[in-house]
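This report covers one protein model. Its sequence and coordinates are shown first.

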Amino acid sequence: DAIVLMFVSGLRSSEVMQLKWEDVNFQRKNILFKDTKNRRDHLIPMSRLMYAMLKKRDANRHALGKTLPGRAASEYVFPNRLGTGPLKDVRKTRQGILRQASLPSLTNHDLRRTFVTICEQIGIEEAIYKKMINHHTGVTGGYVQTSQSTLLENFERVSTYISLSMPVFIDGELQDRGAG
C-alpha cells in the first residue's frame, strides 16, 4: 500500500512511510504530511483511490496491531514488521511486485518521476503538479495559490489515467481496456 500511495500521489517515500494516522482525516478527506524534506507541512486532498485504500487499511489496523509485537500499527499508517515504528524500506516489496509483473527494476524516486510524467501527459500545469508533489517551486511559484479542490481534481485525473492504463483480465483473458 505504501508503494501504491507513492505512485498515485507522487510523494516522497519518506513522507509516505512516516505518515501517522492522526494526520489522515477521513471526514475532510485529506492527508497532512508534517515536516517534509523542504521543511514545511504539506496538505493534500485524498482522491477516491487514496481514500478507499486508506479506509481499508484503517479497517484492518486493529487486527494488524494484534499481530505485530509493538504498538506502531495504532500510530503509523505503514508500521514496520516489528511494530516498533514506521516502515523504513520498501525495496523488497517493490522488487517482489516487479518480479511478479515481469517488470524491470525501479526505485521509489522512479514512482515520483512516473507520476510527474503522467501529469505532463494529461496536461496538468507544472505549477499545479509541483504543488501536488510538494516540490519547491522557486520564488515566483510561491506566489501561485492552488486550492485544495484544484489539487483534488488533478489527483483524480491522475488516478483515472492510471486506472485506465491498467491491464484487466476477465476469465483469464486480457481485455482491451483498463479498469476504469
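## Basis

This is a predicted model, in which local features need pLDDT of at least 70 and side-chain atom pairs count only at pLDDT 80 or more, while totals for chains, interfaces and linings use all residues. Residues are numbered from 1 along each chain as its sequence is written, and side-chain values use heavy atoms, with hydrogens and water left out.

Helices (H or I, at least four residues) and strands (E, at least two) are DSSP runs, numbered from the N terminus.

## Sheet

Three strands form an open sheet in the order S1-S2-S3, with antiparallel pairing. S1 and S3 are the edge strands, each with a single partner, so one side of each has no neighbour in the sheet. Two strands pair if DSSP finds at least two bridges between them; S1 and S2 pair in the antiparallel sense over two bridges. Asn 25 has Asn 30 in S2 as its bridge partner.

## Packing of H1 and H3

Helix H1 (residues 2-9) packs against H3 at an angle of about 165°, with the axes 10 Å apart. Axes here are lines fitted to C-alpha atoms, for helices over the stretch in contact, and angles run from 0 to 180 degrees between N-to-C directions. H1 and H3 are therefore roughly antiparallel, a label for angles over 145 degrees, with under 35 counted as roughly parallel, 65 to 115 as roughly perpendicular and the rest as oblique.

The crossing of H1 and H3 is left-handed, meaning that the near helix is turned anticlockwise from the far one by less than a right angle. On the H1 side the contact is made by Val 4, Leu 5, Val 8 and Ser 9, and on the H3 side by Leu 49, Met 50 and Met 53. Contact means heavy atoms within 4.5 Å.

## Salt bridges

Side chains of opposite charge can pair when their charged atoms come close. With a salt bridge defined as a side-chain nitrogen of Lys or Arg within 4 Å of a carboxyl oxygen of Asp or Glu, the count is nine. One of them joins Glu 75 and Lys 20, whose closest N and O atoms are 3.0 Å apart. Glu 75 lies in helix H4 (residues 72-75) and Lys 20 in the loop between helix H2 (13-17) and strand S1 (24-25), so this pair ties together parts that are 55 residues apart in sequence. For accessibility, buried means under 20% relative accessible area, exposed over 50% and partly exposed in between (1.4 Å probe, protein chains only). Glu 75 is partly exposed at 35%, and Lys 20 is partly exposed at 24%.

Glu 156 and Arg 48 also form a salt bridge, with the closest N and O atoms 3.5 Å apart. This pair links distant parts of the chain, from helix H9 (residues 148-165) for Glu 156 to helix H3 (residues 48-67) for Arg 48, 108 residues apart. Glu 156 is buried at 16%, whereas Arg 48 is exposed at 61%. Within H3, Asp 58 bridges to Arg 61, three residues apart, or about one helical turn, with closest N and O atoms at 2.7 Å. Both Asp 58 and Arg 61 are buried. Glu 22, Asp 23 and Lys 34 are linked in a salt-bridge network.

## Positive phi angles

Lys 29 is not a glycine but has a positive phi of about 55°. This residue is in the loop between S1 and strand S2 (30-33) and is partly exposed at 42%. Asp 35, also a residue other than glycine, has a positive phi near 45°. Asp 35 is in the loop between S2 and strand S3 (42-45) and is exposed at 51%.
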